[in-house]
Amino acid sequence: MLDFSILTTNMDSFLEGLKITIIASLIALLGSFILGTLLAVMRIAPFKPLNWLGTAYVEFIRNIPVLVIVFFAYLAGNFGGMTAGTIGLTIYTAAFIAEAIRAGIMSVPRGQMEAARSTGLTYGQAMRMVILPQAIKIVIPPLGNQFINLVKNSSLLAVVAGGDLMYQGDLISAKTYVTFDTYVFVALFYLILTIPLSLGVGYLEKRLARSH
Amino acid sequence: MDFLAPFIEVYTPEHFKFLLEGFGVTLKVAAISIVLSFIIGGLIGTLRYARIPVVSQLLAVIVETIRNLPLLLIIFFTYFALPEIGIEMEITTAAIAALTVFESAMLSEIIRSGLNSIEKGQIEAGRASGLNYIQTLRYIILPQALRRMVPPIVSQFISLLKDTSLAVVIALPDLLHNGQIIYAQKGSYVIPVFVIVALMYFIVNYALSLVARRLELKQS
């Protein structure tokens, strides 16, 4: 049976780790949403050099391990573990979110852009006020999936001493010499976060599929 | 030229050979894991598709649990926690075991949705022509579903190649690990090493992603 005294005596550490996991995931989600939107717009903008730059970023980052990026942010920059980890996660996730947003934008009929432009809006205004609000609906389920991935990937903070749930688990197991039970509790804390998110995304996907 | 000096220092034939050895380990571990995951994931996906009472539900709980956990936790667990209950593995085996557990769950979902994408009428037609359920799956459903599954499976292999890098936490001597050994020699080696390590991952994964894209286009 599991030794629940590991959980009760170290509750503060578990909760501290959970807090950092949530904060790092949320900041990285916000950051990668902003950066991802920028990259998506760059990839479809009517200006070739911007297209190339956006495509190069997305293709390069998507095809290298997130751990490489996290280590790089930690070693090349002068940041603490949590900051470096969050920056690494943001750089990585932005590439995936950019693809999700681009797909969303592409799903808005071309005529919408033409109509918006012909009413006198600039390209930027048309994008911001007409195309993006319509695209966002299609983008929400894949964004949710990226958020789940972020919560899971935030465990990489542990490798750069970022103070997250996984890191606290490592400390507790080193302190108590009870690795098995500690990791089971860490797993349960992750599931408390990820299972409701997965169910939510599944529900949104079904609803969206029905409305089409 | 100060900026370039560490690059010239790091990029020696010996270091390249060392990194390529590491990449060999990455590719070997990823290849073994994807084959095992395909077999186990295929079995799980098919059993869930067949809706066998109790078995399907049990598998659903296991798959969802694994898919919702960080891979890093599964790797730590396999290598550090399992010995406490008497299951000890050496590093490479532990890495393959952890990756296989995680990727089997992922692949089972790809396989299940591939099977689900074949119209139900196909099963009815198969059964009506006198085949039993297993024969219908084997000769009618699987051959069609497998073709549709190939692009997502290639994409999953790219994820697996990237995920293999997480095994550096248990000191698997893979590409990232060997890179770490090189840059540990000198602070100024960090950037040149990361540039070359990232490029090596990128070249292989990008080539694979082009293959996946081609296959997708061919089908649609």
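**Helix 2 and helix 7 of chain B**

Select helix 2 and helix 7 of chain B in this predicted model: helix 2 passes helix 7 in a right-handed crossing. Helix 7 covers residues 133–163, and the two helices pack at an angle of about 135 degrees with their axes 9 Å apart. Helix 2 of chain B and helix 7 of chain B are therefore oblique to each other.

Now display the side chains at this crossing. From helix 2 of chain B, select B:T26, B:A30, B:S33 and B:I34; these meet B:F157, B:L160 and B:L161 in helix 7 of chain B. Coloured by class, the contact of these two helices shows 5 nonpolar and 2 polar residues, with no charged residues.

**Helix 2 and helix 3 of chain B**

What is the handedness of the crossing in which helix 2 of chain B passes helix 3 of chain B? The crossing is left-handed.

For the residues involved, select B:I44, B:L47 and B:R48 in helix 2 of chain B, which meet B:V55, B:S56, B:L59, B:A60 and B:V63 in helix 3 of chain B. This contact of helix 2 with helix 3 of chain B has 6 nonpolar residues, 1 polar residue and 1 charged residue.

**Chain B as a whole**

Of the 220 residues in chain B, 40% are buried. Among contacts in chain B with a separation of 6 or more, 78% are accounted for by residues 24 or more positions apart.

**Helix 4 of chain B**

Select helix 4 of chain B next. How many of its 11 residues are buried? The helix is mostly covered, with 9 of the 11 buried. The buried residues of helix 4 of chain B are B:L71, B:L72, B:L73, B:I74, B:I75, B:F76, B:F77, B:T78 and B:Y79.

**The contact between the chains**

Show both chains and select the residues where they touch: 27 come from chain B and 26 from chain A. On the side of chain B that touches chain A, the elements giving two or more residues are helix 4 (71–81) and helix 9 (190–219) of chain B. Helix 9 of chain B supplies the largest share of that side, 10 residues. Coloured by class, the side of chain B that touches chain A divides into 20 nonpolar, 5 polar and 2 charged residues.

**The largest nonpolar core**

Which residues touch the most other members of the largest nonpolar core? Among its 117 residues, select A:V68, A:V70, B:L72, B:L73, B:I75 and B:V197. The largest share of this core, 14 residues, comes from helix 5 of chain A, residues 81–106.

Centre the view on B:V197. Leaving aside residues up to four places away in sequence, B:V197 touches A:V68, B:L19, B:L175, B:L176 and B:G179.

**Chain A as a whole**

Turn to chain A, where the count is 9 helices and 0 strands. The C-alpha trace of chain A spans about 70 × 45 × 25 Å along its principal axes. Buried residues account for 45% of the 212 residues in chain A. Of the contacts in chain A with a separation of 6 or more, 73% come from residues 24 or more positions apart.

**A:L53 in helix 3 of chain A**

For the last stop, select A:L53, in helix 3 of chain A, residues 48–62. Why does A:L53 count as partly exposed? A:L53 has 15 other C-beta atoms within 10 Å, and a residue counts as partly exposed when that number lies between the cut-offs of 12 or fewer for exposed and 20 or more for buried. Finally, draw a distance from the C-alpha atom of A:L53 to that of A:P142: the separation is 23 Å, for residues 89 apart along the chain.

Technical notes
Residues numbered from 1 in each chain as written. Chains lettered and ligands numbered in written order. Predicted model: local features only at pLDDT ≥ 70, side-chain atom pairs only at ≥ 80, totals over all residues. Left-handed = near helix turned anticlockwise from the far one by under 90°. Helix = DSSP H or I, 4+ residues; strand = E, 2+ residues; numbered from the N terminus. Contact = placed C-beta atoms within 7 Å. Nonpolar A, V, L, I, M, F, W, Y, C, P; charged D, E, K, R; others polar. Core = buried A, V, L, I, M, F, W, Y, C linked by C-beta atoms within 7 Å. Axes fitted to C-alpha atoms, helices over the stretch in contact; angles between N-to-C directions. Parallel < 35°, antiparallel > 145°, perpendicular 65-115°, else oblique.
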